[in-house]
Amino acid sequence: MKVIDILNNTDKAVFSFELVPPLKGGDINKIYEAIEPLIALAPPFINITFHRDEVVYREYPDGTIKKVTVTKRPGSVALAAAIMRRYNVDMVPHIVCGGATRHKIENELIDLNFLDIENVMALRGDPIPGERFFTPEEGGHQYSCELVEQITRMNHGQYLDDTLTDAVPTNFCIGVAGYPEKHYEAPNQACDIENLKKKVDAGANYIVTQMFFDNSKFFQFVDKCRAQGITVPIVPGLKPISTFKHLEMLPRTFSIDIPHELVKEIRSCKNNKEINQVGIEWCVAQSKELIAHGVPAVHYYTMGKSENIQEIVKQVF
């Protein structure tokens, strides 16, 4: 089923979560073991992240240093197909502009279409590690709205090779990202929401937000989106804090604020076990308030760990 149909036809809020593929050489069975407790709670769909190739410099025994392209987490498409067939749950693989040409993206979408995967999350992606600014591949996309346009054209049977006749249309439901505290590159939130509107106008069916810890920012964001003419469902994305490192890492990595009250609670903890419990309680409270305000779903970022998400879902849904 398409995510948009799930969101529009549910009589109560549902939950979804996001998985990270294993590192190259990793065991898929460990992924199964991690997600099976969440699968038992019946999520209607699951997201699979995609990680672009990275360029690293390696020193060899002879003293030479060579530039090497490394794929750290391959297999997103295969993992999506494997989980969908094993557990009969709809999958939402991420498609990113970073590191990809339009032709590479088209081929990946064809693969997904052949696998009967009909949901995708269209994202620009992050800059290469170590670089401040995003640089598109030659023949690729600069902005995610261009990626949405490409997928929408394929849904109308328009492929990059315009000599094709009677090309079969794809049937993708397209999700995109929204930022309650604005994208870090946007000059202001108004411009950021204008850019989000472009993605919706290009064919996006729904929005999933960046993580946030203050629900008032989400409610204000939704109001501003509606005022801008954005009518598609907006799904809040949440991430429970679980370690001391998150206090520094999350704001720095995702350009988000952590409320002072939550910071004080975390700093009063003696260890990560206590912090994990604080994170669960805060996320439960966020989830319940969001559902009371009528959100169609809550999306959880697991970042490789599912135990705290399991506890949250059990308390909320």
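This is a predicted model: local features need pLDDT of at least 70, side-chain atom pairs count only at pLDDT 80 or more; totals for chains, interfaces and linings use all residues.
Residues are numbered from 1 along each chain as its sequence is written, and side-chain values use heavy atoms, with hydrogens and water left out.

**Cysteines**
- A disulfide is a covalent bond between the sulfur atoms of two cysteines.
- Counting pairs of cysteine sulfur atoms within 2.5 Å, the search of the whole structure finds zero disulfides.
- Cys173 is buried, with a relative accessible area of 1%, and Cys283 is buried at 2% (buried means under 20% relative accessible area, with a 1.4 Å probe and protein chains only).

- Helices are DSSP runs of H or I with at least four residues, strands are runs of E with at least two, and both are numbered from the N terminus.
- Helix α10 (residues 272-292) has 21 residues and spans 30 Å from first to last C-alpha, close to the 30 Å expected (1.5 Å times one less than its number of residues).
- Among the buried residues of α10 are Ile275, Val278, Trp282, Cys283 and Leu290.
- The cover over the buried residues of α10 includes α7, β9, α9, β10 and α11, where contact means heavy atoms within 4.5 Å.
- In α11, the buried residues include Ile309, Ile312 and Val316, and the buried residues of this helix pack against β1, α2, α10 and β10.

- On a 1 Å grid over the protein atoms alone, a cavity is a set of points where a 1.4 Å probe fits but cannot get out; a pocket is an open set with protein on both sides within 12 Å along at least five of seven lines; lining residues have an atom within 4 Å of a point.
- The second largest pocket holds about 400 Å³ of space.
- Of its 22 lining residues, Arg52, Asp53, Gly98, Gly99 and Lys104 are the closest to its centre.
- There is one cavity of 30 Å³ or more, and the largest cavity has a volume of about 40 Å³.
- The largest share of that cavity's lining, three residues, comes from α4.

How values were computed:
Buried means under 20% relative accessible area, exposed over 50%, partly exposed in between (1.4 Å probe, protein chains only). Grid points are joined across faces, edges and corners, and a volume is the space filled by probe spheres set on the points.
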